[in-house]
Amino acid sequence: MKKMIKQNLSQYHFSLEENEAESIYNTLIDRVQQRRATDDDELYEIIEDEVYAFITNT
């Protein structure tokens, strides 16, 4: 899941400082897991949605 999140972030040319990267990955992983518990979408769709929401602060 972390690898998929990294790939999605890179599509937006979003670079992370090493010291903040793990925190952001963990935040996004938590958000994805919460959505998976209540959403029937495919994992890649949920990751794309959550990364986009993170990037656009929505």
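**Note on aromatic pairs and the nonpolar core**

1. Phe14 is partly exposed, with a relative accessible area of 32%; buried means under 20%, exposed over 50% and partly exposed in between (1.4 Å probe, protein chains only). The model is predicted, with local features requiring pLDDT of at least 70 and side-chain atom pairs pLDDT 80 or more, while totals for chains, interfaces and linings use all residues. Residues are numbered from 1 along each chain as its sequence is written, and side-chain values use heavy atoms, without hydrogens and water.

2. Two aromatic pairs are found in the whole structure; rings of Phe, Tyr and Trp (its six-membered ring) pair if their centres lie within 6.5 Å, with planes under 30 degrees apart counted as stacked, over 60 as edge-to-face and the rest as tilted. Tyr12 and Tyr52 form a tilted pair, at 6.2 Å centre to centre and 45° between the planes. Tyr12 lies in the loop between helix H1 (2-11) and helix H2 (18-38), and Tyr52, 40 residues apart from it, in helix H3 (residues 43-56); helices (H or I, at least four residues) are DSSP runs numbered from the N terminus. Tyr52 is partly exposed, at 45% relative accessible area.

3. Phe14 and Phe54 have ring centres 5.8 Å apart and planes at 85°, so this pair is edge-to-face. Phe14 is in the loop between H1 and H2 and Phe54 in helix H3, so the pair ties together parts 40 residues apart in sequence. Phe54 is buried, with a relative accessible area of 18%.

4. The largest nonpolar core has twelve residues, including Phe54 and Ile47; such a core is a set of buried Ala, Val, Leu, Ile, Met, Phe, Trp, Tyr and Cys residues joined through side-chain atoms within 4.5 Å. H2 gives the largest share, six residues.

How values were computed. Helices (H or I, at least four residues) and strands (E, at least two) are DSSP runs, numbered from the N terminus.
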